[in-house]
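Let's take a walk around this protein and see what the atoms can tell us. Have the structure open as you read, and try to find each residue as it comes up.

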Amino acid sequence: MIASLLIVTIVRFLQIYSVLIIARLLLTWFPTVGWMQQISGTLSIVTDPYLNLFRSLIPPMGGMDFSPMLAIIVLNVLQSFVVTIPSLIPVG
C-alpha cells in the first residue's frame, strides 16, 4: 500500500516535471512578451539545474539546444523503471 503510493507519487512528479520542461521550452519561443518572462524565469529556476546536467554533455549547436530532449527521454526511462519496480521485488 505505502509502496504503491510512493511509486504513484514519483511517477506523477516525473510527469509534472516533464511538462514543466516542455512549458519552459515553449516559452523560449516568445522572449519579448512581458508576462511570459516572469513565468519563464520561475520555470528556469526549477528546470535549469536538471537541464544543465545535459547541457554539459551536449552543448548547444548552431543555436539549437538538444539537452531538453535528452532530459525528457531520461525522465521517461526513469518513469518506466519506477513503474516496473514492483514486478522486480519478489513476493514473500
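Predicted model: local features only at pLDDT ≥ 70, side-chain atom pairs only at ≥ 80, totals over all residues.

One member, W29, sits in the loop between helix 1 (2–27) and helix 2 (34–55).

Is W29 buried or exposed? Its relative accessibility is 64%, so W29 counts as exposed, since the cut-off for that label is over 50%.

## Helix 1 and what covers it

Now slide along helix 1. This helix has 26 residues, and from its first C-alpha to its last it reaches 37 Å. That's close to the 38 Å you'd expect at 1.5 Å a residue.

Which residues of helix 1 are buried? They are I7, V11, L14, Y17, S18, I21, R24 and L27. What covers them includes helix 2 and helix 3 (67–88).

There's a handy bit of background for reading a list like that. An α-helix has 3.6 residues a turn, so residues three or four places apart point the same way.

Pick out I7, which lies in helix 1. With a relative accessible area of 17%, I7 is buried, because buried means under 20%.

What does I7 touch, once its neighbours within four places in sequence are left aside? The answer is V82 and P86. I7 and V82 are 75 residues apart along the chain, yet their C-alpha atoms are separated by 6.5 Å.

## Aromatic rings

Next, look for the rings. A pair of aromatic rings is described by the distance of the centres and the angle of the planes. The count here comes to three aromatic pairs. One of them joins F13 and Y17: their ring centres are 5.8 Å apart and their planes are at 25°, so this pair is stacked. Planes under 30 degrees apart get that label. F13 and Y17 are four residues apart in helix 1, which means about one helical turn separates them. Y17 has 12% relative accessibility, so Y17 counts as buried.

Another pair is Y50 and F54, with centres 5.0 Å apart and planes at 75°, so this one is edge-to-face. Both residues lie in helix 2, again four residues apart, or about one turn of the helix. Y50 counts as buried at 16% relative accessibility, and F54 does too at 9%. Ring pairs link F13, Y17, Y50 and F54 into a cluster.

At 14% relative accessibility, S40 counts as buried. Not counting residues up to four places away in sequence, S40 touches R24 and L27. Both of those are on the list of buried residues in helix 1.

D48 has its place in helix 2 as well. Is D48 buried or exposed? Its relative accessibility is 17%, so D48 counts as buried. Leaving out residues up to four places away in sequence, D48 touches R24, L43 and R55.

Notes. Residues numbered from 1 in each chain as written. Heavy atoms only, no water. Helix = DSSP H or I, 4+ residues; strand = E, 2+ residues; numbered from the N terminus. Buried < 20%, exposed > 50% of the residue type's maximum accessible area, 1.4 Å probe, protein only. Expected span 1.5 Å × (residues − 1). Contact = heavy atoms within 4.5 Å. Phe/Tyr/Trp six-rings, centres within 6.5 Å; stacked < 30°, edge-to-face > 60°.
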